[in-house]
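Subject: Structure handover

Hello,

Here is the structure for your files. The notes on what was found in it follow below.

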Amino acid sequence: MKLVSFERLSVLNLHYFQYSLDYFLDRMVDLGIKNVELLGGHQGMWLDPNEYQDPEPILKKLQSRNLHCPVFTPQNCRFGYQFGVKEPELRKKTFGFFSNGIKLAAALGAKYMEANSGWGYWDEPEEEDRRRPLAAGRSRHGGIACREPVRYTGGFPLIGGSMKLVIAS
């Protein structure tokens, strides 16, 4: 039984961080990939708590190569944006960052915005993070924001089950 068709695979541009977006997209075409997961705040895709770049040039690049972006991921591992942040002033910036991520995802035609969960502070019990949900309610921009529950221990990710829906339309 075939579980996943090749046409449904989506490749994340994370491993091409030293290359231009055009180079990444061209390599995906060379490989016969139809779907790409784009990482915001990476390869010329500006995203921060206050603004995000015009999605039109990225859409044109995708369309000219017959590529689709079903998933958009705001860069939230190297930067200080995470769902479990505790300080009110950082929560506001984090909310702005993910709000702009949702808007950019919708503008790129992505059905999902995926983000790693963060975990608040590791010297706190995991339950403390769950008491501070960053996002609640529905996105007026459509799409679904998914929270991948990941915690790194000793350099290895621990995946805590399936992805959790944070914001659903």
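In these notes, contact means heavy atoms within 4.5 Å. This is a predicted model, in which local features need pLDDT of at least 70 and side-chain atom pairs count only at pLDDT 80 or more, while totals for chains, interfaces and linings use all residues. Residues are numbered from 1 along each chain as its sequence is written, and side-chain values use heavy atoms, with hydrogens and water left out.

The core comes first. A nonpolar core is taken as a set of buried Ala, Val, Leu, Ile, Met, Phe, Trp, Tyr and Cys residues joined through side-chain atoms within 4.5 Å. Buried means under 20% relative accessible area, exposed over 50%, and partly exposed in between (1.4 Å probe, protein chains only). The largest such core has 26 residues, of which Phe24, Leu38, Leu62 and Phe72 touch the most other members. Two or more residues each come from α1 (21–31), β2 (35–40), α2 (56–64), β3 (68–74), α3 (88–107) and β4 (112–116); α3 gives the most, with five. Helices (H or I, at least four residues) and strands (E, at least two) are DSSP runs numbered from the N terminus.

Leaving aside neighbours within four places in sequence, Leu38 is in contact with residues including Leu12, Leu21, Phe24, Ile58, Leu62, Val71, Phe72 and Leu108. Phe24 is found in helix α1 and, at 0% relative accessibility, counts as buried. The C-alpha atoms of Phe24 and Gln43 are separated by 9.3 Å, the two being 19 residues apart along the chain.

Next, the aromatic rings. Rings of Phe, Tyr and Trp (its six-membered ring) pair if their centres lie within 6.5 Å; planes under 30 degrees apart count as stacked, over 60 as edge-to-face and the rest as tilted. Five aromatic pairs turn up in the whole structure. The Tyr16 and Tyr23 rings have centres 6.3 Å apart and planes at 45°, so this pair is tilted. Ring pairs link Tyr16, Tyr19, Tyr23 and Phe24 into a cluster. Tyr23 is partly exposed, at 33% relative accessibility.

Last, α3. This helix has 20 residues and reaches 29 Å from its first C-alpha to its last, close to the expected 28 Å (1.5 Å times one less than the number of residues). Its buried residues include Phe97, Phe98, Ile102 and Leu104. Gly109 follows α3 and has a positive phi, near 80°.

Regards
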